[in-house]
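Hi,

Here is the structure I said I would pass on.

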Amino acid sequence: MIKVNGFTTDEEKHYDCPICKDLEYIIEGNRARDCKCREAKNYQRILVRSGISKAFQQKSFSNFSLKGKSKVLIAAKEMAENYVKNFHDIKKNKHHSVAFLGQVGSGKTHLSIAIANDLMKENVGVLYMQYREAMTGLKQNIMDEAYYQNEIAKYKTATVLLIDDLYKGKISPTDHNIMFEIINYRYLKGAPVIISSEYRVEELLAFDEAIGSRMIEMCRGRIIEFEGIDLNHRLAL
Ligand SMILES: Nc1ncnc2c1ncn2[C@@H]1O[C@H](COP(=O)(O)OP(=O)(O)OP(=O)(O)O)[C@@H](O)[C@H]1O
Ligand SMILES: [Mg+2]
Ligand SMILES: [Zn+2]
């Protein structure tokens, strides 16, 4: 490492993003455009502001245990790791999304976040949407058209959207309308979602077939259904 007067020279400094030297924009002529790292960094800042950044970072593949060697756990972890590894090819495909469904406490959120963390490291923007909280926020502002459109646009346009605990709580027709708007937009744009939900495929279809069938098509080949209380990690001795 070269040091000038005890300081590291600019060239020697370590940047998270060497392309923009962590400025998050690139100057081209007399214009500045966003660097590709900007979206992921924005979402990281949202996690920090919500106070869940640390808990989020703690969910990784390396601390996802396969103890008991349950077939579904092995398959789920393998699918999730392959998804990250091949994301840049998978995202071009019609079936570009993943879903972890079923049993409470089985690691659905853990694996979803492990995917998000690894994608974020590669500067792929993954917006974390805590379903119930996000829906409450959207519904509270539904009368303020400009604000509402701006809020819902975040979920529609994120490069990847992680919907955690989909359909948690009571579901009203308004919830279905909001979810349809988000899912249909992403379906048409070919924009990936990572879904965690305690409901299984049949139940997702029964809630709302228009939304459910789009999600299932997007996740085809990458839907994991956990079944059985023995998979509840919270109850593990
Ligand atoms: N295989 C595993 N290895 C290590 N930790 C795990 C594993 N499965 C789950 N956990 C941990 O157990 C807790 C519950 O897991 P998680 O929140 O991912 O479950 P979930 O399926 O999302 O449950 P819910 O349906 O209640 O949202 C978390 O702290 C998670 O990190
Ligand atoms: Mg969960
Ligand atoms: Zn950058």
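Let's start with the sheet: five strands make an open sheet in the order 6-7-8-5-9, and the pairing is parallel. Strand 6 (126–130) and strand 9 are at its edges with a single partner strand each, so one side of each has no neighbour in the sheet. From one strand to the next, the twist averages 10°.

Some ground rules before the details. This is a predicted model, where local features need pLDDT of at least 70 and side-chain atom pairs count only at pLDDT 80 or more, while totals for chains, interfaces and linings use all residues. Residues are numbered from 1 along each chain as its sequence is written, chains are lettered from A and ligands numbered from 1 in the order in which they are written, and side-chain values use heavy atoms, with hydrogens and water left out.

As for the terms, helices (H or I, at least four residues) and strands (E, at least two) are DSSP runs, numbered from the N terminus. Two strands pair if DSSP finds at least two bridges between them. Axes are lines fitted to C-alpha atoms, for helices over the stretch in contact, and angles run from 0 to 180 degrees between N-to-C directions. Buried means under 20% relative accessible area, exposed over 50%, and partly exposed in between (1.4 Å probe, protein chains only). Contact means heavy atoms within 4.5 Å.

Back to the strands, then. Strand 7 (160–164) is mostly covered, with five of its five residues buried. Both of its faces are covered: V160, L162 and D164 are buried on one side, L161 and I163 on the other. Strand 7 pairs with strand 6 in the parallel sense over five bridges, and L127 stands opposite L161 there. Four bridges also join strand 7 to strand 8 (residues 193–197), again running parallel; L162 has I194 as its bridge partner in strand 8. Elsewhere in the sheet, strand 5 and strand 9 pair in the parallel sense over four bridges, and G102 has F226 in strand 9 as its bridge partner. Helix 6 (residues 131–140) lies across strand 6 and strand 7, at about 80° to strand 6.

Next, helix 3. Helix 3 (residues 71–85) has 15 residues and reaches 21 Å from its first C-alpha to its last, close to the 21 Å expected at 1.5 Å a residue (the expected span is 1.5 Å times one less than the number of residues). Its buried residues are L73, A76, K77, M79, A80, Y83 and V84. They cover an arc of only 160° around the axis, so they sit on the same side of helix 3 (the arc is that of the directions from the helix axis to the C-beta atoms). K71 and K85 are exposed on the other side. What do the buried residues of helix 3 pack against? Helix 4 (87–90), strand 5 (98–102), helix 5 (108–121) and strand 9 (223–226).

L205 belongs to helix 9 (residues 201–207). With a relative accessible area of 31%, L205 is partly exposed. Neighbours within four places in sequence aside, L205 is in contact with G212, S213 and I216.

Finally, the cysteines: C17 counts as buried at 2% relative accessibility, and C37 does too at 0%. The structure holds zero disulfides, a disulfide being a pair of cysteine sulfur atoms within 2.5 Å.

Cheers
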